[in-house]
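I opened the model to look up a few positions and what surrounds them. My entries follow in the order in which I made them.

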Amino acid sequence: MLNEPCKPVCPDVSVVRGRSPLTPIASGNVKYFHFSQNNTGGRFSNSDDLAENVVIAARSAKEANERAQALGVYFDGVSKDYDCSCCGDRWSEAYQDSDSDAVPSVYGTTLVEYYVNSTMRAYNVRKVTIVHNADGTRETWSRADVTP
Ligand SMILES: [Zn+2]
């Protein structure tokens with residue numbers, strides 16, 4: 001399905017919505033788990049579903065890890081020989097249910113704060129974040145105007 005552009009949150013930020021391949025889950029007690037991609041081997045491995053930051057709605061860390069893997073995330077990449085040992089694992093799993101936020105966030109910062117009001121370093125704001133919601137929809141957040 002094609003992504004439909006929606007109104008940007010502000011002139012600098014674009015949020016593109018679409019449907020993810022993930023199966024919807026019940027929305028009660030959903031938390032948002034942030035998976036930060038490490039650019040092992042000097043590159044990111046991105047797709048329609050995966051970016052530098054991936055945020056997944058789930059009811060537990062276990063469910064978040066399962067949904068992440070359904071999108072192509074893998075864990076223990078160095079020991080499986082997918083990732084180079086000097087750079088480390090590309091993805092790390094969520095260990096605890098409390099490793100989560102009530103709203104989609106990266107490093108505990110809400111996406112509006114991160115992209116719109118950000119006082120973070122420009123490099124971070126240039127990263128793309130894809131949110132996978134409980135209903136199976138996907139939002140891609142980016143801010144292309146910021147230069148490092
Ligand atoms: Zn390396």
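I started at Leu-71, which I found in the loop between helix 1 and strand 5 (105-106). I take helices (H or I, at least four residues) and strands (E, at least two) as DSSP runs, numbered from the N terminus. The model is predicted, so I used local features only at pLDDT of at least 70 and side-chain atom pairs only at pLDDT 80 or more, while totals for chains, interfaces and linings use all residues. Residues are numbered from 1 along each chain as its sequence is written.

Is Leu-71 buried, exposed or partly exposed? I noted Leu-71 as partly exposed, because 19 other C-beta atoms lie within 10 Å. The scale I use is this: buried means 20 or more other C-beta atoms within 10 Å of the residue's own, exposed means 12 or fewer, partly exposed is in between, and C-beta atoms are placed from the backbone.

I then listed the contacts of Leu-71, leaving out residues up to four places away in sequence: Leu-22, Asp-49 and Leu-50. A contact here means C-beta atoms, placed from the backbone, within 7 Å.

Next entry, helix 1. Its buried residues are Ala-64, Asn-65, Arg-67 and Ala-68. They are on the same side of helix 1, because they cover an arc of only 165° around the axis; the arc is that of the directions from the helix axis to the C-beta atoms. These buried residues pack against strand 3, strand 4 and strand 7.

Next entry, the core. The largest nonpolar core has 25 residues, and Phe-33, Phe-35, Val-54, Val-55 and Ile-56 have the most contacts inside it. Such a core is a set of buried Ala, Val, Leu, Ile, Met, Phe, Trp, Tyr and Cys residues joined through C-beta atoms within 7 Å. Which element gives the most to this core? I found strand 4, with five residues. I looked up Ile-56 in particular: beyond four places in sequence, Ile-56 touches Phe-33, Phe-35, Ala-64, Arg-67, Ala-68 and His-132.

Next entry, strand 7. Strand 4 and strand 7 pair in the parallel sense over four bridges, and Ile-56 stands opposite His-132. I count two strands as paired if DSSP finds at least two bridges between them. On the other pairing, strand 7 runs antiparallel to strand 8 (residues 137-142), with four bridges; Val-131 has Glu-139 as its bridge partner there. The two strands form a hairpin with four residues between them, and Gly-136 in the turn has a positive phi of about 90°.

In a regular strand the side chains alternate between the two faces of the sheet. In strand 7 I see Thr-129 and Val-131 pointing one way and Ile-130 and His-132 the other, all of them buried.

Why do I call Thr-129 buried? Thr-129 is buried because 23 other C-beta atoms lie within 10 Å. Beyond four places in sequence, Thr-129 is in contact with Ala-51, Asn-53, Val-55, Val-106, Leu-111 and Trp-141. Leu-50 is 79 residues from Thr-129 in sequence and 8.2 Å away in space, C-alpha to C-alpha.

Last entry, the whole chain. I have three helices and eight strands, in the order β-β-β-β-α-β-β-α-α-β-β. Of its 148 residues, 30% count as buried.

Note on methods: Contact = placed C-beta atoms within 7 Å.
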